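Here's a quick tour for anyone meeting this structure for the first time. Have a look at it, then read on.

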Amino acid sequence: MLRLLRVRNFALIDEIEIEFEGGFNLLSGETGAGKSLIVDALTLLAGAKASGETIRGGENRAVIEAVFEQAGGPDLESIGIDAADQIVVRREISSDNRNRVFINSQPSTVSALRAIAPDLVDIHGQHEQQILLDTGRQLALIDRAAGVTDLAKRVHNLYDSRRRLEDELTELADAEADRLQRTDLLSYQRDEIEQVSPLAGETERLREHIRRLEHSGKLAEAVQGGYEALYEAESSILAQIASIERPLSEAEVYDNRLGATTEQIASARSILEDAAYSLRDYMQSLDTDPEEMENGQARLAELERLHRKYGPDLIHHLGKVLEELDSIGLTETKRSEVEERLAATCKDYDEAARELSVTRRKRSGEFGRAVREEIRSLAMPQADFDIRWETLTPGRATGIDRPALLLAPNPGEEAAILSEIASGGELSRTMLALRAVLAVDGRDKTLVFDEIDAGIGGEAAETLGRKLKELSSSYQVLCVTHLPQVARFADHHCRIEKALVNGRTVTRIETLRGDQLVDELARMMSGSSVSAAARRHVKELLKEG
């Protein structure tokens with residue numbers, strides 16, 4: 001529900017502020033006073049294209065701001081705005097085209113305004129793009145009347161699911177060539193490493209073994225010399241130690257203090273014996289086979305070639321290669337799964353869309369007849385209204401139907417698509433008829449009608465006023481009119497007028513009550529000269545209303 005509108009430096013408006021109430025709000029005023037500027041301002045807040053030409057002369061910025069109270073209204077979080085019951089929309093239009101949008105004081109975009117506007121306000125005016133001209137919105141209205149909004153939502157969700165699966169499948173197909181190329185590379189790496197069959201730590205062990213083979217002569221000479229000096233020579237170190245150990249052991253009988261020293265010498269002899277045996281075994285293990293040297297060097301060269309290509313840990317790299325190959329195999333499985341899910345989703349969509357189409361067409365006849373009766377009561381007594389259906393292939397988010405709203409405003413005319421033949425006033429009255437039949441959005445939504453009374457008067461105008469009054473029990477209604485027959489039914493009446501201030505024309509607005517309201521209705525009825533009789537007549541009308 002629109003609670004407050006502030007407009008500054010917009011066309012003739014220097015600065016105004018209007019407070020609105022629930023129910024039927026009305027704006028009146030002489031031609032050219034600026035009534036439609038209020039509607040234009042709201043249109044900009046709904047996301048219409050802005051132009052620097054609308055800025056008041058001599059100024060460099062126009063500002064339009066509105067406060068909506070909207071319990072259960074638009075999903076602000078979907079446009080990146082914190083959720084709130086009150087929605088403050090502000091739009092700044094600059095002469096340098098640096099225009100800005102704010103929603104609840106947070107910087108936003110015109111596209112965000114367009115996203116939330118349908119839940120806030122519907123504007124129906126002589127020069128606005130009507131809800132009636134948008135196929136998607138037409139279907140939404142028809143679906144409400146047919147009671148198939150849940151089924152329509154299911155069709156929409158299935159369509160979205162189908163599109164997502166199609167996109168996923170396309171991505172998988174686009175990546176197929178890359179996967180094949182990658183698979184070839186990984187398979188080559190796997191085969192190359194597995195053919196060599198490296199063992200953990202093998203390269204370093206092999207380097208050490210080759211180093212021993214390359215220096216086996218020096219190693220044998222050193223080991224042989226050590227073994228002989230320790231054990232094999234006649235005057236070996238172990239023989240000399242033994243010659244020392246025996247007399248000391250015999251002397252220990254005479255003085256046991258020698259026992260500890262004798263034990264140390266015996267321990268040293270035992271350690272040296274073990275060292276001598278180790279040198280003997282090592283000498284026996286030395287291999288100087290030239291063929292083994294050649295084979296080892298060839299093996300090491302192959303391993304080092306792989307290290308240069310794949311890094312220091314060949315086994316780890318092979319594991320990563322095998323893992324990625326497995327994942328590519330899983331991708332192939334995933335593609336099959338996506339294809340199966342897509343086929344099932346397409347089937348579900350086709351079935352739901354057909355069911356939705358049958359129900360729409362079956363129930364649209366009754367809806368069309370109800371709208372036709374409403375239109376005929378709004379100064380188009382012989383108008384005809386119908387809905388023509390076209391089947392779409394392939395289906396869309398809204399299903400497989402495209403409606404065409406047909407109108408024949410005058411007798412003898414063939415019904416034609418509404419957007420091609422209807423005037424602004426006829427469009428607005430048709431929209432009013434649709435709203436009167438549906439009346440489902442609730443009072444939180446604001447309906448704006450500009451010049452809906454174009455070309456009518458008398459009893460038809462009174463019928464129009466009553467219809468707007470009835471509609472205001474389900475919506476907040478804001479209407480721009482010049483007819484007193486319509487204005488008499490308003491709950492809240494504001495007058496727009498021009499004034500000359502410091503040599504410049506400005507627009508002013510005033511809320512009317514009591515005698516002011518009587519005078520304005522009398523002026524609308526009889527012109528600039530307001531008589532006592534006109535006032536009495538207005539008072540009688542207000543009592544009847």
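## A cavity, a helix and a sheet

Searching the whole structure turns up one cavity of 30 Å³ or more; a cavity is a set of points on a 1 Å grid over the protein atoms alone where a 1.4 Å probe fits but cannot get out, and lining residues have an atom within 4 Å of a point. Leu45, Ala46 and Phe68 are among the lining residues, and by class the lining has nine nonpolar, no polar and no charged residues.

Keep in mind that this is a predicted model, where local features need pLDDT of at least 70, side-chain atom pairs count only at pLDDT 80 or more, and totals for chains, interfaces and linings use all residues. Numbering starts from 1 along each chain as its sequence is written, and side-chain values use heavy atoms, leaving out hydrogens and water.

Nine of the eleven residues of helix 1 are buried, so the rest of the structure largely encloses it (buried means under 20% relative accessible area, with a 1.4 Å probe and protein chains only). Helices are DSSP runs of H or I with at least four residues, and strands are E runs of at least two. Glycine 47, with a positive phi near 105°, follows helix 1.

Six strands form an open sheet in the order 2-1-4-5-6-7, with antiparallel pairing (at least two DSSP bridges make a pair).

Terms used
Buried means under 20% relative accessible area, exposed over 50%, partly exposed in between (1.4 Å probe, protein chains only). On a 1 Å grid over the protein atoms alone, a cavity is a set of points where a 1.4 Å probe fits but cannot get out, and a pocket is an open set with protein on both sides within 12 Å along at least five of seven lines; lining residues have an atom within 4 Å of a point. Grid points are joined across faces, edges and corners, and a volume is the space filled by probe spheres set on the points. Ala, Val, Leu, Ile, Met, Phe, Trp, Tyr, Cys and Pro count as nonpolar, Asp, Glu, Lys and Arg as charged, and the others, Gly among them, as polar.
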